Amino acid sequence: MKKENYSGANAPSLKLKMNKILLMMMAVLLVFISCSKGKDEGDKKGASEPKTVKTVNVGQGYVVSGLDPGDGGTGWALTSHGISENLYFVNKKGELDTRLVESISQKSDNEWEVKLKNDILFSDGTKVDAKAVSEGLNRTNEKNAIARGTAGALKFSPVDEFTVNIKSEKPTKIMKAVLAEWTNVIYKVNDKGEFIFTGPFAVESLTPNTEVKLVPNKYFPDAEKRPNVTVKEFKDPNALKLAFESNELDIAVSIPSEFAESLQKSGHILKPMEVGYQYFAFVNMTNKALSDVKVREALDLAINRDELIASLHGGKKPTGFFAGYFPFAGKADVSSDVNKAASLLDEAGWKLNAQGIREKDGKPLSLTLVTYPQRPDLVTLMQVMSSQLKKMGIDAKTEISENIGEVGASKKFDIMLYAQHTASTGVPTFSLNQFFRPKASNNYTGYASKEFEDVMKKLDATGDQQEMIKLAVEAQNILKKDRPVLFLVDPIWYVGLSDKVKDYEVWGADYYIVRADLTVK
C-alpha cells in the first residue's frame with residue numbers, strides 16, 4: 001500500500017494558502033488600528049474644543065445693584081433680568097398667572113392659604129417649600145417698607161411642607177395681586193449668606209450697576225434650550241443706539257422714539273412696546289410756595305404736553321396715573337392754559353417784578369426741578385419744562401441725581417420728574433398706596449388727604465372689578481384736583497432686536513425683559 005507524503009509534493013501549495021491568510025489578517029488589523037487612532041484623535045479634538053454656547057447681549061437702562069431682594073427696588077431688577085420669580089405674575093394677556101402655586105384660598109378678611117407645587121426647585125437644586133418661601137417673604141416684608149404698602153404688614157407661616165399661611169395687617173381680597181408685587185420675589189438665603197432664586201437664569205457674575213452675566217438655571221424646565229445672557233447698563237440713549245447699530249446688542253430696550261425711524265430705515269428690527277409706564281412730576285408740598293394749591297394748579301396749566309411729546313418724538317397725552325389701555329385709567333384733561341396759569345399765580349400773590357420774575361414779599365418764586373439719568377426721556381422733559389416755567393416768570397433750575405430715591409426721601413427738591421410702571425400687578429392699588437398714603441414709604445410729596453384716604457380704604461378692600469375701576473378713577477380725580485403729582489406723558493418705547501432673536505417679544509415694559517422663552521434661532 002502506497003503511503004501519502006504530506007511533506008513532499010503537497011507542501012508548497014499549503015504554504016501559499018497560509019501566507020494569503022496571514023496577509024489578509026494583517027490588513028484588517030491595520031485598518032482597525034487606523035480607525036481607532038482617528039477616533040481617539042477625534043475624541044481629543046472634541047474635548048479641547050467644546051461646543052460653543054450662544055450668548056444673548058441685552059442693553060437696558062439699569063442693571064441690578066445687588067442681589068438682596070429686601071433692598072429698595074432690587075426685586076424689580078431681579079425679575080427683569082430673569083433671575084427671580086414671584087408666586088404670581090402678570091402674563092402677556094395682562095392676567096395674573098403662576099408657575100409656583102397649586103391653589104390659593106381665602107380663610108377670612110385677613111387670612112389666606114397658599115398651596116405650593118411640590119416639584120419646583122431653587123437654582124441650587126433644593127426644594128421650594130413652605131419654610132423657604134415663608135422665611136424669604138417675611139424677611140423682605142420686614143426689611144422693605146414698600147412691601148407693606150397694599151395690605152400692610154404680612155406674616156407668612158408654613159402649615160406643612162408645601163402649604164403657606166398668610167395673615168395681613170389690612171383686609172384684602174386681592175392677595176394674588178399683592179403676591180405679584182415686584183417686592184415679593186421668592187428666594188432663600190443659604191448657609192454662605194448667598195441669595196438663591198427660582199428664575200430661568202442664574203447669576204454667573206455681577207458688576208453692580210454695570211453688567212450681569214447669566215447662565216441657564218439647570219433646574220428650570222427646558223434649561224438646555226436657553227442661551228447665556230449678558231445684561232449691560234446704558235444710561236446714555238445715544239450709547240444704547242450706537243451699541244445696537246454696531247451689532248453689540250441682541251436686545252436693546254427703551255430706544256427713544258427719536259432714533260426709531262433712522263434705525264428702521266437702516267434695516268434694523270425695531271418694535272414698539274406698550275410700556276405701562278407713566279412720566280409724571282411729584283410736587284413737594286412741604287415747600288411753602290408749593291403748599292398753595294393755586295400755585296400747583298398754575299404749574300400744571302403752564303406745562304404744554306404737546307411740546308413735551310414733540311421733544312420725545314412720540315407718546316400720548318396722559319389721562320391720569322395709569323396708561324390709557326388699562327380699564328382703570330383716569331379721565332383727566334391736561335390741556336395747557338398759560339393765561340389762567342398767570343392769573344392763578346397773581347391770585348396767590350406771586351406777581352411779576354420789573355425783571356420779569358415772579359416774587360412775593362420780596363422773594364422770587366425759585367423752583368428746582370430734579371430727575372435721574374437712568375430714564376433719559378425725563379432729562380429731556382425736565383429741560384422743556386424748565387423753559388416753559390421760565391416763560392411764566394418762574395426762576396426754574398435743573399438738577400440730575402444718580403439716586404432719586406434719596407432725593408425724594410429727603411424732600412430736597414421742588415419738582416421731581418419720575419417714571420413708574422404704575423400697574424405692574426394688573427391692578428391699580430400698589431402704586432397709589434406706594435406714593436400717596438400719608439405713611440407710605442415713597443410719599444415724596446408730603447401729600448395727605450382724608451378724601452383720598454376714604455377712597456383708598458374702599459379700593460384696598462374691594463375684590464369686585466367694576467368697583468375697583470370706579471374707585472381708581474375717583475382716586476385719580478382727587479389727585480388731579482389736589483395736584484401733588486402732575487401727569488406729563490404716556491410714553492412710547494421701542495425695543496431693538498437682532499436677527500437671532502427677531503421673534504422674541506418684549507412685553508410688560510422693562511419688568512419681564514429676560515424670560516424663560518428667550519431662545520436663539
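Helices (H or I, at least four residues) and strands (E, at least two) are DSSP runs, numbered from the N terminus. The model is predicted: local features need pLDDT of at least 70, side-chain atom pairs count only at pLDDT 80 or more, and totals for chains, interfaces and linings use all residues. Residues are numbered from 1 along each chain as its sequence is written, and side-chain values use heavy atoms, with hydrogens and water left out.

Start with the open spaces. On a 1 Å grid over the protein atoms alone, a pocket is an open set of points with protein on both sides within 12 Å along at least five of seven lines. A cavity is a set of points where a 1.4 Å probe fits but cannot get out. Lining residues have an atom within 4 Å of a point. Grid points are joined across faces, edges and corners, and a volume is the space filled by probe spheres set on the points.

The largest pocket has a volume of about 1,100 Å³. It is lined by 33 residues, and those closest to its centre are Gly72, Gly73, Thr74, Ile404 and Tyr418. By class, the lining has 14 nonpolar, 13 polar and six charged residues. Here Ala, Val, Leu, Ile, Met, Phe, Trp, Tyr, Cys and Pro count as nonpolar, Asp, Glu, Lys and Arg as charged, and the others, Gly among them, as polar. The domain bounds come from an automatic or database domain assignment.

The second largest pocket has a volume of about 480 Å³. Of its 25 lining residues, Asn91, Lys92, Glu274, Tyr325 and Gly508 are the closest to its centre. Strand β14 (residues 269-273) gives the largest share of this lining, three residues. The lining divides into 14 nonpolar, six polar and five charged residues.

The largest cavity has a volume of about 200 Å³. Its lining has 21 residues, with Ser254, Pro256, Pro376, Asp377 and Trp493 nearest the centre. At least two lining residues come from each of α5 (237-245), β13 (251-255) and α10 (376-391). The largest share, three residues, belongs to β13. Domain 1 and domain 3 each supply at least three residues to the lining of the largest cavity.

Is β21 largely enclosed or left open by the rest of the structure? Seven of its seven residues are buried, so β21 is largely enclosed. Buried means under 20% relative accessible area, exposed over 50%, and partly exposed in between (1.4 Å probe, protein chains only). Ile415, Leu417, Ala419 and His421 point one way from β21, while Met416, Tyr418 and Gln420 point the other way.

Strands of a sheet pair through backbone hydrogen bonds, either parallel or antiparallel. Two strands count as paired if DSSP finds at least two bridges between them. β21 pairs with strand β15 (residues 277-283) in the antiparallel sense, over seven bridges. There, Gln278 stands opposite Gln420. Strand β19 (residues 366-371) runs parallel to β21 and is joined to it by two bridges. Leu369 has Ile415 of β21 as its bridge partner.

Another sheet is open and has four strands, in the order β4-β5-β7-β6, with antiparallel pairing. β4 (101-108) and β6 (154-160) stand at the edges with a single partner strand each, so one side of each has no neighbour in the sheet. β6 and strand β7 (residues 163-168) are joined by six bridges. Pro158 stands opposite Val164 in β7.

Two backbone details close the walk. Most residues other than glycine have a negative phi. Arg483 has a positive phi, near 55 degrees. It sits in the loop between α14 (465-482) and β22 (485-489), and is buried at 10% relative accessible area. Ala509 also has a positive phi, about 60 degrees. Ala509 lies in the segment after β23 (493-497), and is buried at 0% relative accessibility.
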